[in-house]
Amino acid sequence: MQFTKSICLAAVAALSLSACGDAPGTGGTRDSIRAVGSSTVYPFAKVVAENFARAHPDFRSPLIESTGTGGGIALFCEGVGPNTPDMVNASRRMKQSEFETCQANGVEEIIELQVGLDGIAFASAQGGIMMNLTPEIVYKAIAARPYGEEQTAKTWADVDPSLPDEPILVYGPPSTSGTRDALKELVLEVGCDADPAMEALKESDEDRHAQICTEVRSDGAYVDQGEQDNLIVQKIGNNPKAVGVFGYSYLEENAGKVQGLPMNGVEPTYENISSFQYPGARPLYVYVKKAHLDAIPGLKEFLAEWAESWGQDGPLASIGLVPSPDETMAANTASATGEYTTITGEEL
């Protein structure tokens, strides 16, 4: 029954696609692949799209949009058909609540691909402020109410006397970004839960715990720079006392302008992220509507292009993507090239 329903959805989407190709104002653009989502995954997706276009001149170039992970998943989950994205790039795993929204809107078969690893890098300008950070230091510096108390830290030295006596100024991702979600989970919550009282609060009042542990200050010490990580690079490049938070790939791409700040004494490097020694290491994902595979020209070939690109010697590694462990990569390659394994939601 489920298989038949998926085939029907694909057929409807294909018919709708053909109909809209000649509609006024469409320019036939919907006969190409459309992907939305993470600004961190965006540069990788663009490279895959460019290579796909060169290898498959009979298909139109994919349209890749940087909307942020949260915003992209919301668009992806609106339904199936030519008016909705085929894929969403995500710098975190899809949430259970998002999966349920997808299901409720008819997006019932979702392929999850882990395309590689990235790290949440803390950085400053070359020759700028240098610190050995910890999750606890970062939390105390940028939390709105650290451990439920008033935020009084003005300088890094106020947080830890061993740090520079310079004003706290952190440029980082917005609340819609998967990088922000990863910052919360991998750094802020870890730093918050260093306090036993906060660890206990998680059991007794999860909502209160989330508010105290993940809400960032709004007094100018943490500055939301939107979905463009390159703008954060530019901001810290122009201010040697500022710290930026973005994906590791942007650190590597701009190595001549910025320097990584160690976390727990571990540098944000390719090797340390691939081994998960660096505390900010995280997987990156692409989600695909299975119902669109036969309806959107080139979509299957585009997934295969991803699989050909994410290896150790592939084009994505050269621009900062850290390949997944061999076993994980093999499973995802199989899913991208014919198995098309879908998630059930239980694993989220």
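# Helix packing, disulfides and a few loop residues

Helix α2, residues 42–55, packs against helix α13, residues 299–309, at an angle of about 115 degrees, and their axes are 9 Å apart. Keep in mind that this is a predicted model. The crossing of α2 past α13 is right-handed.

Who makes the contact? From α2 we have Phe 44, Ala 45, Val 48, Ala 49, Asn 51, Phe 52 and Ala 55. From α13 we have Glu 301, Phe 302, Glu 305, Trp 306 and Ser 309. By class, the residues of this α2 and α13 contact split into 8 nonpolar, 2 polar and 2 charged.

Why give an angle and a distance each time?

Helix α8 covers residues 196–204, and helix α9 covers residues 206–214. Their packing angle is about 140 degrees. Their axes lie 6 Å apart. Roughly antiparallel would need an angle over 145 degrees. So α8 and α9 count as oblique to each other.

On the α8 side, Met 198, Leu 201, Lys 202 and Ser 204 make the contact. On the α9 side, it is Glu 206, Arg 208, His 209, Ile 212 and Cys 213. For α8 with α9, the contact residues divide into 4 nonpolar, 2 polar and 3 charged.

Hold on to Cys 213, one of the α9 residues in that contact. It brings us to the disulfides. How many disulfides does a search of the whole structure find? The search returns 2.

Take the pair with Cys 213. Cys 213 is joined by a disulfide to Cys 192, with S to S at 2.0 Å. The torsion about that S-S bond is about -55 degrees, so the disulfide is left-handed. Cys 192 sits in helix α7, residues 178–192, and Cys 213 sits in helix α9, so the link ties together parts 21 residues apart in sequence. Are these cysteines buried or exposed? Cys 192 is buried, and Cys 213 is buried too.

Now the other pair. Cys 77 and Cys 102 form a disulfide, with sulfur atoms 2.0 Å apart. This link is left-handed as well, with -75 degrees about the S-S bond. It connects distant parts of the chain, 25 residues apart. Cys 77 is in the loop between α3 (69–76) and β3 (87–90). Cys 102 is in helix α4, residues 96–104.

Why does Cys 77 count as buried? Its relative accessible area is 3%, and buried means under 20%. Cys 102 is buried at 0%.

Number the bonded cysteines of the protein chain in sequence order, and the pairing reads 1-2, 3-4.

On to backbone angles. Most residues other than glycine have a negative phi. Here are two residues with a positive value.

Asn 264 is not a glycine, yet its phi is positive, about 55 degrees. Where is Asn 264? Look in the loop between β8 (258–260) and α12 (270–274). With a relative accessibility of 45%, Asn 264 counts as partly exposed.

Phe 276 also has a positive phi, near 65 degrees. Phe 276 is in the loop between α12 and β9 (281–289). Its relative accessible area is 42%, so Phe 276 is partly exposed.

Ser 274 is in helix α12. Ser 274 is partly exposed, at 30% relative accessible area. Which residues does Ser 274 touch, not counting residues up to four places away in sequence? They are Leu 117 and Val 322. There is also a C-alpha distance to note. Ser 274 and Leu 321 are 47 residues apart along the chain, and their C-alpha atoms are separated by 9.8 Å.

Another C-alpha pair is Asn 239 and Ile 129, 110 residues apart along the chain and separated by 9.4 Å. Asn 239 is in the loop between α10 (229–237) and β7 (243–247). At 24% relative accessible area, Asn 239 is partly exposed.

Ser 32 is in the loop between α1 (2–21) and β1 (34–37). Ser 32 is buried, with a relative accessible area of 8%. Leaving out residues up to four places away in sequence, Ser 32 touches Arg 60, Ser 61, Asp 86 and Ile 296.

Key:
Residues are numbered from 1 along each chain as its sequence is written. This is a predicted model: local features need pLDDT of at least 70, side-chain atom pairs count only at pLDDT 80 or more; totals for chains, interfaces and linings use all residues. Side-chain values use heavy atoms; hydrogens and water are left out. Axes are lines fitted to C-alpha atoms, for helices over the stretch in contact, and angles run from 0 to 180 degrees between N-to-C directions. Helices (H or I, at least four residues) and strands (E, at least two) are DSSP runs, numbered from the N terminus. Angles under 35 degrees count as roughly parallel, over 145 as roughly antiparallel, 65 to 115 as roughly perpendicular and the rest as oblique. Contact means heavy atoms within 4.5 Å. Ala, Val, Leu, Ile, Met, Phe, Trp, Tyr, Cys and Pro count as nonpolar, Asp, Glu, Lys and Arg as charged, and the others, Gly among them, as polar. A disulfide is a pair of cysteine sulfur atoms within 2.5 Å. Buried means under 20% relative accessible area, exposed over 50%, partly exposed in between (1.4 Å probe, protein chains only). A crossing is left-handed if the near helix is turned anticlockwise from the far one by less than a right angle, and right-handed if clockwise.
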